[in-house]
Every structure is written in structure tokens, then in C-alpha cells.
Amino acid sequence: MAIREILIYPDDKLREVAKRVTFPLTDEVNTLIQDMADTMYDAPGVGLAATQVGVPLRIAITDTDWRSDEVRHEKGGEPVAARNLKVWINPEFTWKVDTLVSWEEGCLSVPEVYEDVERPAAVRLRWQDTEGETHEADFEGFQAVALQHEFDHLDGILFIDKLSRLKQNMIKKKLKKRKKIENS
Ligand code: NI
């Protein structure tokens with residue numbers, strides 16, 4: 001088990017556009033995926049993109065069977081919910097519905113910030129698994145939101161980019177202050 005450091009906003013590396021992954025996966029990439037899972041469950045979180053641990057590759061993992069409020073209360077403890085780890089490689093949305101849904105989002109790279117964000121309520125996704133097999137499926141609700149949030153990371157986009165400029169500045173100030181306290 002290896003926990004990697006999660007980059008915190010406003011780290012420049014969070015703005016990198018990640019590169020496509022080639023198959024077969026190298027040992028290095030397999031280790032990265034295992035470490036990402038360890039890191040996400042330890043945090044604890046429901047999703048993590050490779051970008052967030054400083055590796056610019058198009059890989060993200062999710063476990064949306066964890067309810068976010070449960071996750072928040074399980075910090076430091078053993079997770080209560082069953083694990084349903086999904087690995088998404090080279091994900092691409094091939095369709096998004098016009099209807100928007102508002103969901104309160106958070107992010108391991110933007111700690112202690114939870115804000116409502118509007119996104120398409122349903123999506124069709126094409127992705128590859130760890131064997132390089134291509135899949136396509138539709139997602140809605142929390143899964144659709146979580147996938148859009150995670151894959152935005154692969155393009156250097158954070159959920160707070162979708163908030164007002166005023167709110168973004170407040171968040172930046174708050175996190176800079178937090179960093180100072182941690183470093184002192
Ligand atoms: Ni995030």
C-alpha cells in the first residue's frame with residue numbers, strides 16, 4: 001500500500017492536460033493505479049484523477065458506492081460501504097444531455113470546499129479498461145456528475161473554475177492561509 005501526495009489548488013500541475021495511455025500498461029502505470037486507489041480510500045474520497053497525484057496521464061478512478069456524507073465522517077476510520085472501484089482509462093464523453101443538474105461537489109485537491117455546480121444530468125462515455133478493451137455506457141445522477149468532475153481534471157479543469165470569480169478568489173485565499181498554517 002502506497003499513499004501518494006495529493007496536489008492542492010492552486011498547484012500549477014493541476015492545470016496540465018494529461019496524455020493518452022498506451023497498452024499494454026507498464027508496471028509503472030499498474031503501480032500508479034494501485035497507489036491511486038490506496039490514496040483515494042485513505043483520503044477518503046469518491047474519485048481521483050492521475051493529475052491530482054502529479055502524473056499527467058488520462059487515468060481516473062471512482063468509487064461512487066461511497067456516499068459523500070459517509071466518506072466525510074469516516075476520515076481516519078475503516079470505510080463502512082462496500083468498495084466498487086472503477087478504473088477509467090482514456091475516457092471520452094460521446095454524448096451529453098441538454099438537461100442540467102445541480103450537485104454539491106467537493107474535491108480532494110480543494111479541501112473543505114463544497115459548492116453547487118451545474119452539469120449535464122446524463123452522459124455517454126467511452127473508455128478503456130486496464131486490459132485496453134474499449135467500453136461504452138450511459139451514466140446519470142451522481143455517477144454522471146462524478147465522472148465529469150474526474151475527467152475535467154485530465155484537462156486541467158477544477159470544479160471551482162465553474163464558480164463566480166468572487167467565490168474563486170475567496171477559495172484561493174482560504175487555501176493559501178491553510179497552507180501557511182500547515183507549513184508553520
Ligand atoms: Ni476533484
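Me: Why is histidine 149 called buried in this structure?

Reply: In this predicted model, histidine 149 has a relative accessible area of 7%. Buried means under 20%, so histidine 149 is buried.

Me: What makes the link between histidine 149 and histidine 153 a polar contact?

Reply: The side chains of histidine 149 and histidine 153 are joined at 3.4 Å. The cut-off for such a pair of N or O atoms is within 3.5 Å, so the pair counts as a polar contact. Histidine 149 itself is found in helix H3, residues 141-153.

Me: Which residues is histidine 149 in contact with, leaving aside its neighbours within four places in sequence?

Reply: Those residues are Glu105, Gly106, Cys107, Arg119 and Phe159.

Me: Why does asparagine 90 count as buried?

Reply: Its relative accessibility is 3%, and buried means under 20%, so asparagine 90 counts as buried. Asparagine 90 is found in strand S3, and its phi is near 50°, a positive value in a residue other than glycine.

Me: What makes glutamate 112 count as buried or exposed?

Reply: Glutamate 112 has 52% relative accessibility. Exposed means over 50%, so glutamate 112 counts as exposed. Glutamate 112 lies in strand S5, residues 110-120, and has a positive phi, near 65°.

Me: How do you know that the reach of helix H1 is close to the expected one?

Reply: Helix H1, residues 27-42, has 16 residues and reaches 22 Å from its first C-alpha to its last. At 1.5 Å a residue, 22 Å is expected. The buried residues of H1, among them Val29, Leu32 and Ile33, pack against strands S1, S2 and S3.

Terms used
Residues numbered from 1 in each chain as written. Predicted model: local features only at pLDDT ≥ 70, side-chain atom pairs only at ≥ 80, totals over all residues. Heavy atoms only, no water. Helix = DSSP H or I, 4+ residues; strand = E, 2+ residues; numbered from the N terminus. Buried < 20%, exposed > 50% of the residue type's maximum accessible area, 1.4 Å probe, protein only. Polar contact = N/O pair within 3.5 Å; in protein donor to acceptor, adjacent residues only side chain to side chain. Contact = heavy atoms within 4.5 Å. Expected span 1.5 Å × (residues − 1).
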